[in-house]
Structure formats: structure tokens, C-alpha cells
Amino acid sequence: MDPHSIFEAWLAEAREQEPNDPAAMALATADSESRPSVRMVLLKGHDRRGFVFYTNLDSRKGEELATTARAALLFHWKSLRRQVRVEGPVEAVSEPEADAYFATRSRDSQLGAWASDQSRPLEARSIFETRYEQMKSRFEGGEVPRPPFWSGWRVVPERIEFWTSRDHRLHERRLFTPDGEGGWSEGLLYP
Ligand SMILES: Cc1cc2nc3c(=O)[nH]c(=O)nc-3n(C[C@H](O)[C@H](O)[C@H](O)COP(=O)(O)O)c2cc1C
């Protein structure tokens, strides 16, 4: 089995079992001085090319990804006692792909993307609410286009590790790395 199929199977099980946000993942980035930071985002696309999420390109994570072009992802499904770790370079999703995803979001979320100066200091909550109302009026009666500062990143996996809890902390770790011929090599790691 290849890691993408295993991931799809695990995500499908998580969708059945996890009460909230089964597609939530921690996204780790680093700045130009290797200082790490981590936050949760939602997986919005997965195929053989990689793992896609969407965000504000001018946010802290957006700036760090633009600088280092690398990321790590972590899924932890508590009820299943499983984690998946993904590491690799990132690439921007295409404009049509980002437009297509943005169009599926609720109008409120679309307006929220326009209104939020993500990661910047906000003096008062009311300022954000006013900006939101302004965006409502600005786009009234028409479709809300994708903001130019909002798009998706794809993490292209160089390592995918599947961790399964086992009794007595004798956990199982399966590591997949590209075999250089378009396939994957599989190995185990000590827990
Ligand atoms: C479960 C969950 C899912 C989230 N999904 C996203 C997401 O898909 N995109 C996003 O930009 N922020 C998402 N957030 C908010 C981020 O964790 C974070 O607060 C925000 O993106 C700003 O991060 P930054 O300042 O490091 O760029 C999510 C938060 C949680 C708790």
C-alpha cells in the first residue's frame, strides 16, 4: 500500500470517529532564523501531489512559508490513537484551484477572509466587526471574489509517517520516503 492510500483510509476512519474537525492538522513553519511556530489549519485537499490548506498569504505563516518554502504537518486523531506526520517543501496552489475552493466557502467566510488582516495587531474587536460590515456593503448584490492575499499552499511530502498506539508504549511507526522512481520506500522506526 502507498502512503496516500493509507492516509485516505485513516482520514475516512477519523471522519467517522472524531467529534470535531477530523481534517484539522497542526502546521509548523519556521522563520528565516529557524525559529519555529505552529498552529492548526484545516486540510482542504489531498491527492498524490500533496496536502492542501488555505490561508491569508500575508499572515505570519504565509510570510514564513514564502521565506523558507518548507512545512511540517501533524494530524492527531485522539479517539483512534493515531498520528500522521508529513514534511516537505510547499508550493502555491494554482489560481483556478484557489478560486474553485474559495467559491465553495459560505458567504460569511468569504467576507471574513476580506475583513481579516490575519496575524496583525487588532486594537479592538469592534474594528474587525466594522471592517466585516464594510465588506458586506462592498460586495452586496454580487459574488465575493477571492481576495488577492488569500490562497492555498500544498505541502509536497518528502516523509510521511504513520504512528499507531500499541500496548506498553510499544508503538508502531511506519515511515514512507520517495524511492526516486515515482514510488515510495517503506521502513520502520523505533517508537
Ligand atoms: C481547528 C482549527 C482550524 C483552523 N483552520 C485554519 C485554516 O484552515 N486556515 C487558517 O488560516 N487558519 C486556521 N485556523 C486559525 C489558525 O490556527 C491561526 O490562528 C491563524 O491562521 C493565524 O496563524 P498565524 O498568525 O501563525 O499565521 C484554524 C484554527 C483551528 C483551531
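**Nonpolar cores and aromatic pairs in a predicted model**

Phe162 has a relative accessibility of 2% and therefore counts as buried, a term that applies under 20% relative accessible area, with over 50% called exposed and the range in between partly exposed (1.4 Å probe, protein chains only). The model is predicted, so local features need pLDDT of at least 70 and side-chain atom pairs count only at pLDDT 80 or more, whereas totals for chains, interfaces and linings use all residues. Residues are numbered from 1 along each chain as its sequence is written, and side-chain values use heavy atoms, with hydrogens and water left out.

The protein chain has 191 residues, of which 40% are buried. Its secondary structure consists of 5 helices and 10 strands, taken as DSSP runs (helices H or I, at least four residues; strands E, at least two) and numbered from the N terminus. The C-alpha atoms fill a box of roughly 55 × 35 × 30 Å along the principal axes. Of the contacts with a separation of 6 or more, 61% join residues 24 or more positions apart; a contact means heavy atoms within 4.5 Å.

The largest nonpolar core contains 26 residues, and Phe7, Trp77 and Val84 touch the most other members. Such a core is a set of buried Ala, Val, Leu, Ile, Met, Phe, Trp, Tyr and Cys residues joined through side-chain atoms within 4.5 Å. Elements that each supply at least two residues include helix H1 (3-17), strand S1 (24-30) and strand S6 (82-92). The largest share, 5 residues, comes from H1. A second, separate core has 15 residues, among them Val52, Leu111, Met135 and Phe139.

Beyond residues up to four places away in sequence, Val84 touches Phe7, Trp10, Leu73, Leu74, Phe75, Trp77, Ile160, Glu161 and Phe162.

Rings of Phe, Tyr and Trp (its six-membered ring) pair if their centres lie within 6.5 Å; planes under 30 degrees apart count as stacked, over 60 as edge-to-face and the rest as tilted. By this rule there are 13 aromatic pairs. Phe51 and Phe75 form a tilted pair, with 6.4 Å centre to centre and 50° between the planes. Phe51 lies in strand S4 and Phe75 in strand S5, so this pair ties together parts 24 residues apart in sequence. Phe51 is buried at 0% relative accessibility, and Phe75 is buried with a relative accessible area of 0%. The ring centres of Phe162 and Phe176 are 5.7 Å apart and their planes stand at 90°, so the pair is edge-to-face. Phe162 in strand S8 and Phe176 in strand S9 (residues 172-178) are 14 residues apart. Ring pairs also link Phe7, Phe51, Phe75 and Trp77 into a cluster.
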